[in-house]
Amino acid sequence: MSPLHSYFIFFFLLMVILLQSSTTSSQSNLCRSSCGNIPINYPFSIDDGCGSPYYRHMLICSDNNTKLELRTPSGKYPVKSISYSDPHLLVSDPFMWNCQDRDNFRPTRSFSIDSSTHFTVSPQNDYLFFNCNTEKVIVEPKPLFCERFPDRCDSSCDSSSYLCRHLPECGSALGSRVSCCSYYPKATQSLRLMLQNCATYTSVYWRSTGVENAPYDQFPEYGIRVDFEFPVTMKCLLCQETTKGGGVCGFNTRTRDFLCLCKQGNVTTYCKDPSLVKHKRVGAMAGTVTAVSAAGAIGVAGGVYWYLRKVRAKAPVTCGVQSNENRIF
């Protein structure tokens with residue numbers, strides 16, 4: 001390989017290394033803390049490498065950072081709110097029955113959650129099924145049925161439930177010809193079986209009023225409550241500690257190992273760790289290259305290549321013998 005090509009490769013590799021250093025020096029500024037008006041905190045994230053790897057790629061933020069959705073095996077569902085004190089998400093399912101449908105039942109599909117994730121469908125949800133086939137589904141008032149068949153009590157769809165008699169937001173939306181019953185499916189499979197024998201369904205959760213000493217502390221609202229686990233670790237607590245620098249908990253996207261994401265860079269401890277001093281120096285050097293795009297780097301390398309060719313063209317030909325007079329450097 002000629003000296004000309006050796007110098008070109010050296011400068012090209014140098015520019016690539018510097019650009020890579022500048023893009024990996026810090027990830028904390030990539031972690032968005034909200035989507036629309038919904039705060040995005042640990043363990044969730046909408047940017048890869050942030051939050052907990054348990055919930056990687058589970059939340060999607062689209063429409064110019066205004067629409068938050070939960071991804072499940074049955075589809076993507078709009079997220080209405082997230083509670084971190086009482087860990088759960090509230091999602092809406094556009095395929096479920098709503099007040100606007102009245103007795104015009106649209107095709108639907110069953111909502112499901114991957115059992116291998118740290119999400120679970122909350123037992124606080126109430127499911128209402130409409131126009132079920134009474135030959136395939138036990139549709140009876142639950143108290144009477146349970147008295148007669150205590151061993152089969154859980155298998156009945158309660159036609160005398162409070163929610164069937166007081167539909168949230170639209171008590172008179174359904175006519176007398178539409179039957180309604182309440183049943184809680186214990187698994188996704190049981191929900192699918194119900195939908196094979198019922199016209200449609202909807203889910204109602206009980207939202208807390210947040211008002212102390214109120215006559216009623218909860219009220220029903222359409223939607224699905226999905227509970228989640230809060231995998232807090234000592235590493236994450238140390239990373240988030242404000243006296244330690246107030247970092248953002250994240251992970252290595254390749255190995256899934258914990259990372260504390262700081263403004264100065266990413267470390268495995270906390271943002272004021274002494275090891276970051278060295279990282280800052282490297283980051284300062286890489287930061288000067290950040291303003292140069294990848295195309296600019298290639299352009300610089302191309303300029304070096306052109307310059308070396310020009311110098312070589314003017315150099316005397318000595319049949320491969322290199323002397324002090326014809327050295328490039």
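This is a predicted model: local features need pLDDT of at least 70, side-chain atom pairs count only at pLDDT 80 or more; totals for chains, interfaces and linings use all residues.
Residues are numbered from 1 along each chain as its sequence is written, and side-chain values use heavy atoms, with hydrogens and water left out.

**Overall picture**

- The chain has 7 helices and 17 strands; these are DSSP runs numbered from the N terminus, with helices being H or I of at least four residues and strands E of at least two.
- Of its 329 residues, 39% count as buried. Buried means under 20% relative accessible area, exposed means over 50%, and partly exposed is in between, with a 1.4 Å probe and protein chains only.
- Among contacts with a separation of 6 or more, 59% come from residues 24 or more positions apart; a contact means heavy atoms within 4.5 Å.

**Nonpolar cores**

- The largest nonpolar core holds 36 residues, and Phe44, Ile82, Phe119 and Phe129 have the most contacts inside it. Such a core is a set of buried Ala, Val, Leu, Ile, Met, Phe, Trp, Tyr and Cys residues joined through side-chain atoms within 4.5 Å.
- Two or more residues of this core come from each of β3 (59-62), β4 (67-72), β5 (75-83), β6 (88-91), β8 (126-130), α4 (188-196) and β14 (224-228).
- A second, separate core has 14 residues, including Leu167, Cys180, Val204 and Tyr222.
- As background, nonpolar side chains in soluble globular proteins tend to be buried together.

**Around β8**

- β8 is mostly covered, with 4 of its 5 residues buried.
- With strand β12 (residues 200-208), β8 pairs in the antiparallel sense over 5 bridges; two strands pair if DSSP finds at least two bridges between them. Asp126 has Val204 as its bridge partner in β12.
- β8 also runs antiparallel to strand β11 (residues 180-182), joined by 3 bridges. There, Phe130 has Cys180 as its bridge partner.
- Leaving aside residues up to four places away in sequence, Phe129 touches a list that includes Cys157, Cys181, Tyr183, Leu191, Met194 and Tyr201.

**The β3-β4 hairpin**

- β3 and β4 pair in the antiparallel sense over 4 bridges, and Ser62 stands opposite Lys67 in β4.
- The two strands form a hairpin with 4 residues between them, and Asp63 in the turn has a positive phi of about 55°.
- Asn65 sits in the loop between β3 and β4. Its phi is also positive, near 65°, in a residue other than glycine.
- Asn65 counts as partly exposed because its relative accessibility is 28%.

**The loop between β2 and β3**

- Pro43 is in the loop between β2 (38-39) and β3, and the peptide bond from Tyr42 to Pro43 is cis, with omega near 15°.
- His57 lies in the loop between β2 and β3; its phi is positive, about 65°, although it is not a glycine.
- Since its relative accessibility is 46%, His57 counts as partly exposed.
- For context, most residues other than glycine have a negative phi, and most peptide bonds are trans.

**Second largest pocket**

- Its volume is about 220 Å³. On a 1 Å grid over the protein atoms alone, a pocket is an open set of points where a 1.4 Å probe fits, with protein on both sides within 12 Å along at least five of seven lines. The volume is the space filled by probe spheres set on the points, which are joined across faces, edges and corners.
- The pocket is lined by 14 residues, with Ile40, Asn41, Tyr42, Phe44 and Val248 nearest its centre; lining residues have an atom within 4 Å of a point.
- By class, the lining has 7 nonpolar, 6 polar and 1 charged residues. Ala, Val, Leu, Ile, Met, Phe, Trp, Tyr, Cys and Pro count as nonpolar, Asp, Glu, Lys and Arg as charged, and the others, Gly among them, as polar.

- Three strands form an open antiparallel sheet in the order β15-β16-β17. Its edge strands, β15 (248-251) and β17 (266-267), each pair on one side only.
- β15 pairs with strand β16 (residues 258-261) over 4 bridges, and Val248 stands opposite Leu261 in β16.
- Gly247 is in the loop between α5 (234-240) and β15, and counts as buried because its relative accessibility is 11%.
- Beyond four places in sequence, Gly247 touches Cys239, Gln240, Cys260, Leu261 and Cys271.
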